Amino acid sequence: MDPLARFLLGAACGVIASGITYAITQDPPWWWAVGLIVAIFVWFRELILELLP
């Protein structure tokens, strides 16, 4: 996958996950953390999958 497309997909997934978390709880550390974790997993999924046996 193109790096820019993967970046945009990760950003979009992070925003969606943050929005869902914000709808449940408005406590800022939680929805920021969830959004960043989802985005990082999407951005680095190819590297993570290569490292798994």
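How are H1 and H2 oriented to each other, roughly parallel or roughly antiparallel? The structure is a predicted model, in which local features need pLDDT of at least 70, side-chain atom pairs count only at pLDDT 80 or more, and totals for chains, interfaces and linings use all residues. Residues are numbered from 1 along each chain as its sequence is written, and side-chain values use heavy atoms, with hydrogens and water left out.

The chain contains 3 helices and 0 strands, where helices (H or I, at least four residues) and strands (E, at least two) are DSSP runs numbered from the N terminus. The order of the elements, starting at the N terminus, is α-α-α. The C-alpha trace spans about 35 × 25 × 10 Å along its principal axes. Of the 53 residues in the chain, 17% are buried; buried means under 20% relative accessible area, exposed means over 50%, and partly exposed lies in between (1.4 Å probe, protein chains only).

Helix H1 (residues 3-24) packs with helix H2 (residues 28-43) at an angle of about 155 degrees, and their axes are 7 Å apart. Axes are lines fitted to C-alpha atoms, for helices over the stretch in contact, and angles run from 0 to 180 degrees between N-to-C directions. H1 and H2 are therefore roughly antiparallel to each other. Angles under 35 degrees count as roughly parallel, over 145 as roughly antiparallel, 65 to 115 as roughly perpendicular and the rest as oblique. The crossing of H1 past H2 is right-handed, a term used if the near helix is turned clockwise from the far one by less than a right angle, with anticlockwise giving left-handed. Residues making the contact include Arg-6, Phe-7, Gly-10, Gly-14 and Thr-21 of H1 and Trp-30, Trp-31, Val-34 and Ala-39 of H2; contact means heavy atoms within 4.5 Å. By class, 13 nonpolar, 5 polar and 1 charged residues form the contact of H1 with H2. Here Ala, Val, Leu, Ile, Met, Phe, Trp, Tyr, Cys and Pro count as nonpolar, Asp, Glu, Lys and Arg as charged, and the others, Gly among them, as polar.

Arg-6 is located in helix H1 and counts as buried because its relative accessibility is 17%. Leaving out residues up to four places away in sequence, Arg-6 touches Met-1, Val-42, Trp-43 and Glu-46. Thr-21 is also part of helix H1 and, at 14% relative accessibility, counts as buried. Beyond its neighbours within four places in sequence, Thr-21 contacts Trp-30, Trp-31 and Val-34. Thr-25 sits in the loop between H1 and H2 and is partly exposed, with a relative accessible area of 27%.

In helix H2, Ala-39 has 6% relative accessibility and so counts as buried. Not counting residues up to four places away in sequence, Ala-39 touches Gly-10 and Gly-14. Leu-52 lies in the segment after helix H3 (45-51) and counts as exposed at 51% relative accessibility. Leu-52 and Phe-7 are separated by 45 residues in sequence and by 22 Å in space, C-alpha to C-alpha.
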